[in-house]
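This report describes one protein model for a reader who has not seen it before. The sequence and the structure come first, and the description follows.

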Amino acid sequence: MFKSDNIDGNSIFKAGVRVVWYGFVLLAGLGFGCQYQGMHPAEKTISPVDQARQTFLQGDYPLAGEKFDVLVKQAVDPEIINLSLHGLACVDMITADDADTFLKALESLLHHQIQAEGVPLGNYGLLIRALGHGSRLMGNERRQTLDRIDGLKAINRKQNREILKLQKQIKTFQHQISSLESIDQELQEKRKNQ
């Protein structure tokens, strides 16, 4: 198995030192790793445009509108102004109470996009959420319109039944009038002959 002549005290000592050294490196690495995980990296500063976007995506549309409005008024960078104007249009779209208001805001957004030559890359999330809201508004309006049409159809059917009923009554009255006129004529002839 083992040849005793190949093993000497020096090699055993070296092997022991390696084991201790590897153990030390392993423990130091684990200790440093644990410390490193406990450290908090420096907070990354978020740009005002990104803050406004985050506010929008969190659902606080009035505050997002205020933030975008401040940026439009105070920024000098045309890109920030463009992003903020687009953000304001998205706020107007998502806060619309009805389809007409939404469509006006969408028209404003499209006009702005034509001038700005496209949707700012960072605002796609805002646009998707705003368009989803508009889709729901238009779907609700469509359902309401269909309900009104169904109601008008029901009224129309009822009125048509009433018209048919009245037409039958008119025919009955016309027949009765005709019968009465005949009776009246007969009576007048009998009077003449008497």
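## A residue to begin with

The model is predicted. Lys73 is exposed, with a relative accessible area of 65%. Its salt-bridge partner is Asp69, and the closest N and O atoms of the two are 2.9 Å apart. Asp69 has a relative accessibility of 26%, so it counts as partly exposed.

## Overall make-up

The protein contains 6 helices and 0 strands. Read from the N terminus, its elements follow the order α-α-α-α-α-α. The protein has 194 residues, and buried residues make up 20% of them.

Among contacts in the protein with a separation of 6 or more, 60% are between residues 24 or more positions apart.

## Salt bridges

How many salt bridges does a search of the whole structure find? The search finds 2. Side chains of opposite charge can pair when their charged atoms come close.

One of the salt bridges joins Asp69 and Lys73. Both residues are in helix α3, which covers residues 61-74, and because they are 4 residues apart there, about one helical turn separates them.

Asp50 and Arg53 also meet in a salt bridge through their side chains, at 2.5 Å from N to O. This pair lies in helix α2, residues 48-57, where a spacing of 3 residues means that Asp50 and Arg53 are separated by about one helical turn. Asp50 is partly exposed at 32% relative accessibility, whereas Arg53 is buried, with a relative accessible area of 13%.

## How α2 and α3 pack

The axes of α2 and α3 come within 8 Å and cross at roughly 160 degrees. Angles over 145 degrees count as roughly antiparallel, and therefore α2 is roughly antiparallel to α3. The crossing of α2 past α3 is left-handed.

On the α2 side, the contact is made by Pro48, Val49, Gln51, Ala52, Arg53, Thr55 and Phe56. On the α3 side, Tyr61, Leu63, Ala64, Lys67, Phe68 and Leu71 take part. Arg53, listed here in the contact, is also the residue that forms a salt bridge with Asp50.

## The nonpolar core

The largest nonpolar core has 20 residues. Those with the most contacts inside this core are Phe56, Phe68, Cys90, Met93, Phe102 and Leu109. Two or more residues each come from α2, α3, α4 (78-94), α5 (99-116) and α6 (124-193). Which element gives the most to this core? It is α4, with 6 residues.

Phe56 touches Tyr61, Ala64, Cys90, Val91, Ile94, Leu126 and Arg129, not counting residues up to four places away in sequence. Phe56 and Phe68 are both among the residues in the contact between α2 and α3.

## Leu126 in α6

Is Leu126 buried or exposed? Leu126 is buried, with a relative accessible area of 1%. This residue lies in helix α6. Leaving aside neighbours within four places in sequence, Leu126 is in contact with Arg53, Phe56, Leu57, Phe68, Gly87 and Cys90.

Leu126 and His86 are 40 residues apart in sequence, and their C-alpha atoms are 9.0 Å apart in space.

Terms used. Residues are numbered from 1 along each chain as its sequence is written. This is a predicted model: local features need pLDDT of at least 70, side-chain atom pairs count only at pLDDT 80 or more; totals for chains, interfaces and linings use all residues. Side-chain values use heavy atoms; hydrogens and water are left out. A salt bridge is a side-chain nitrogen of Lys or Arg within 4 Å of a carboxyl oxygen of Asp or Glu. Buried means under 20% relative accessible area, exposed over 50%, partly exposed in between (1.4 Å probe, protein chains only). A nonpolar core is a set of buried Ala, Val, Leu, Ile, Met, Phe, Trp, Tyr and Cys residues joined through side-chain atoms within 4.5 Å. Contact means heavy atoms within 4.5 Å. Axes are lines fitted to C-alpha atoms, for helices over the stretch in contact, and angles run from 0 to 180 degrees between N-to-C directions. Angles under 35 degrees count as roughly parallel, over 145 as roughly antiparallel, 65 to 115 as roughly perpendicular and the rest as oblique. A crossing is left-handed if the near helix is turned anticlockwise from the far one by less than a right angle, and right-handed if clockwise.
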